[in-house]
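Student: I would like to learn how to read helices in a structure. Could we look at one together?

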Amino acid sequence: MTSNYAPPVARMREWIGLGVMCIATLFIAADSFVLMLALPHIAAGLNADGIDQLWIADIYGFVLGSLLITMGGLGDRVGRRRLLLVGAACFGIASLVSAYAGSPAALIAARALLGLASAAMVTSILGLIRTMFQQPKQMGVAFGMWASSYTIGAVVGLMVGGVLLADYWWGSAFLINVVAALIVLALGPLTLPKQRGESTGKPDWISSLLSLAAILPAVWGVKEASRDGWQLLPIAAILLGVLFGVAFIRRQRSLATPLLDLSLFRNPKFTTPLLALFVQALLTGAVLLFVMLDFQLVEGLTPLQAGLALAPGLVLSSLCAPVVGALARRIRPAYLIAGGETLVITGLVLVILAGSFSSPVMFITGFALWSAGGSPLLAVGMTLMVGSAPPEKAGVASSMPQVSAELGNSIGVAVIGSVGVALYNARMTDSLPPQVPSDVAAAASQSIANAAQSAAGLPPDLAQIVLDHARSAFTGSLQLITGFTALVLVGVLTMIVVKLRQVRPLGSEEPPDGRQPSQKVAVADENTVNQ
């Protein structure tokens, strides 16, 4: 039924509030890149062994991915602004503890708190955008600006982290997060609305625990399998996560007010971009890992140089995101996202060609196109997903893309990464000349990093032969998994066009939930809502 309801127009206060939330998002993204650069310094400063380093790197993602659904539901119940401010305070405290951590265990605990804080902040931010910008046109622009803050954060993390680590101790790189937390705590109460949805009942802690039990072992199992192969313990953890996931779904079907409304998945505007995000994260995450290894082990770049080689693509992506928001008002989402996926595929083809020509410039250009092309799926897809949910469920709906991306990236690194390693091993086996010692040949066949280490003790001519074979084998495996990724994304592109071709440009449809003005969840007056 056609409604005469016109969503309210966002004013200056809402746009300033969006800026505050983008600052928070920027530093959440920057933190991951800071850790990537700081990890060697942390290992030396804290005497962290290999296991400690893996936990320092992974605990953040474990906790973040496991708590997103729980935090989304909690924000819908207790208030998204309140949860965002609590998350910002925890984020600042955890960053301060990280900076001055005196042992690996203390840093691991601080990183776990950072994951919890980030889960609270991310879901609150996305839920607030959904309710602060109810006009579809403005919502598209807002999500575009939010998406660009992620890529700007990656650049900030690489640049600022590199500068600080060059002149100061490793903990200094985490102190910039404290400044960001203080900004959010100071400006958030002035610019963000006191608002919550209609889910005012008691939190469903059983569902929250089931979601945690489903995601945490599954993510852990996949990550362990990516490092040590498909052994019994990782497989058991994944199966345990699946069992808890089934229990979680069954419970949601039996509840009148579930933590996760499964009816969302019947809406193609929700499920299609969600599936596309999952597949793209699954495939391109592994390719990016191989590209970073290629920069350092084949092209000979330092870790900082390899990170900076990605900066042009990240900058281009940040510039494209707001433009995508404007284009979404004129172009149907199916065709805008499909056009972006075409750019992603083109970038992947350039990566394949770069391996043949050993051209870092072609690699950088390919990644730039790939990054820019991903903007429509992230910005427009997020708008469709969160906009298709009623405002009172915006927090939970906004958590699902993050869960999808986290699981997709973890599974992709494990599965696609393992395939890439197997291809490398197959190319190296029996390809080295007989004068290469058998122990060196066996080590070199395991990974290109092992090839570089094992070749160091050989005569220069023989070492060069081993390295040439390893680089050729690695480049070949990179090209194969990149080609496979491009082919699958052609299928994703087709799915998007078929499933979303009837969806009109953002702003030309009725309110996403189709409700009358009297049913709308309004921003509550500060004197009537106790947060």
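Tutor: Happy to! Let us start with T284, which sits in helix α9; helices (H or I, at least four residues) are DSSP runs numbered from the N terminus. This is a predicted model, where local features need pLDDT of at least 70 and side-chain atom pairs count only at pLDDT 80 or more, while totals for chains, interfaces and linings use all residues. Residues are numbered from 1 along each chain as its sequence is written, and side-chain values use heavy atoms, with hydrogens and water left out.

Student: Is T284 buried or exposed?

Tutor: Buried means under 20% relative accessible area, exposed over 50%, and partly exposed in between (1.4 Å probe, protein chains only). T284 has 10% relative accessibility, so T284 counts as buried. The side chain of T284 also reaches the backbone oxygen of Q280 at 2.5 Å.

Student: How many of the 31 residues of α9 are buried?

Tutor: The number is 22, so α9 is largely enclosed by the rest of the structure.

Student: What is found at the two ends of α9?

Tutor: At the start of α9, a side-chain oxygen of N267 comes to within 2.9 Å of the backbone nitrogen of K269. Just after α9, G300 has a positive phi of about 80°.

Student: How do I describe two packed helices?

Tutor: Use the angle between their axes and the distance between the axes. Axes are lines fitted to C-alpha atoms, for helices over the stretch in contact, and angles run from 0 to 180 degrees between N-to-C directions. Here, the axes of α9 (residues 268–298) and α18 (residues 460–500) come within 10 Å and cross at roughly 165°. That makes α9 roughly antiparallel to α18 (under 35 degrees is roughly parallel, over 145 roughly antiparallel, 65 to 115 roughly perpendicular and the rest oblique).

Student: Which kinds of residues make up the contact of α9 with α18?

Tutor: They divide into 21 nonpolar, seven polar and four charged. Ala, Val, Leu, Ile, Met, Phe, Trp, Tyr, Cys and Pro count as nonpolar, Asp, Glu, Lys and Arg as charged, and the others, Gly among them, as polar.

Conventions
A polar contact is a pair of N or O atoms within 3.5 Å; within protein, one must be able to donate a hydrogen and the other to accept it, and residues adjacent in sequence count only if both atoms are side-chain atoms.
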